[in-house]
Amino acid sequence: MADALFPSAVPAEPTWHRYTTARQTPGDAGSVVVYGAELPTEAELRLLGNVEGTRILDLGSGTGRNAVALAHQGAKVIAVDPSADLLAAARERCEVADVRVELHEAELAELAFLRSDSIDAAICVMALASVDDLARVFRQVHRVLKPE
């Protein structure tokens, strides 16, 4: 019975690790929004639809992969991340990709710089787990999203 509860073969890498880093798939060249490793991309799910001309908030943008992909598709992207180092990498990624993304170093719930009802869509990929006050993040996102 003890063998059934505590198997001797323990995986070398935690199973949650595969979801923490989005990999670039062959052929997308960073032009597709990725929701996580081994998960369908925006190209398959089509959750955002046509983003051309829309204002999109990318919370926890990290190195800016999704922000750049959305900017390539014609969206005006506002990227927020608490890490200055990750935002520096995002700035470099934007320069290399020759796209404009508005970058803000802030906690995910610190959205006072955005007007109410000014954002068409918000995405947050793999960043909410580190937030202390999740309800506050959702209140702020609700405040800045357009009513429809």
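**Notebook: helix α3 and Asn-66**

I looked up burial along α3 and found Arg-65, Asn-66, Ala-67, Val-68, Ala-69, Leu-70 and Ala-71 buried (under 20% relative accessible area, with exposed over 50% and partly exposed in between; 1.4 Å probe, protein chains only). The helix is mostly covered, with seven of its eight residues buried. Helices (H or I, at least four residues) and strands (E, at least two) are DSSP runs, numbered from the N terminus.

I noted that this is a predicted model, in which local features need pLDDT of at least 70, side-chain atom pairs count only at pLDDT 80 or more, and totals for chains, interfaces and linings use all residues. Residues are numbered from 1 along each chain as its sequence is written, and side-chain values use heavy atoms, with hydrogens and water left out.

I checked pLDDT, the predictor's confidence in each residue from 0 to 100. The protein has a mean of 85, and 80% of its residues reach 70 or more. Over residues 5-28 pLDDT stays under 50, and the model has 19 contacts beyond four places in sequence for them (contact: heavy atoms within 4.5 Å).

I then asked what the buried residues of α3 pack against, and found β1 (55-59), β2 (76-81), α4 (84-97) and β4 (121-124).

I turned to Asn-66, which lies in α3 (residues 65-72) and has a relative accessible area of 9%. Its side chain reaches the backbone nitrogen of Val-34 at 2.8 Å. Not counting residues up to four places away in sequence, Asn-66 touches Val-32, Val-33, Val-34, Asp-58, Ile-123 and Val-125.

How values were computed. Polar contact = N/O pair within 3.5 Å; in protein donor to acceptor, adjacent residues only side chain to side chain.
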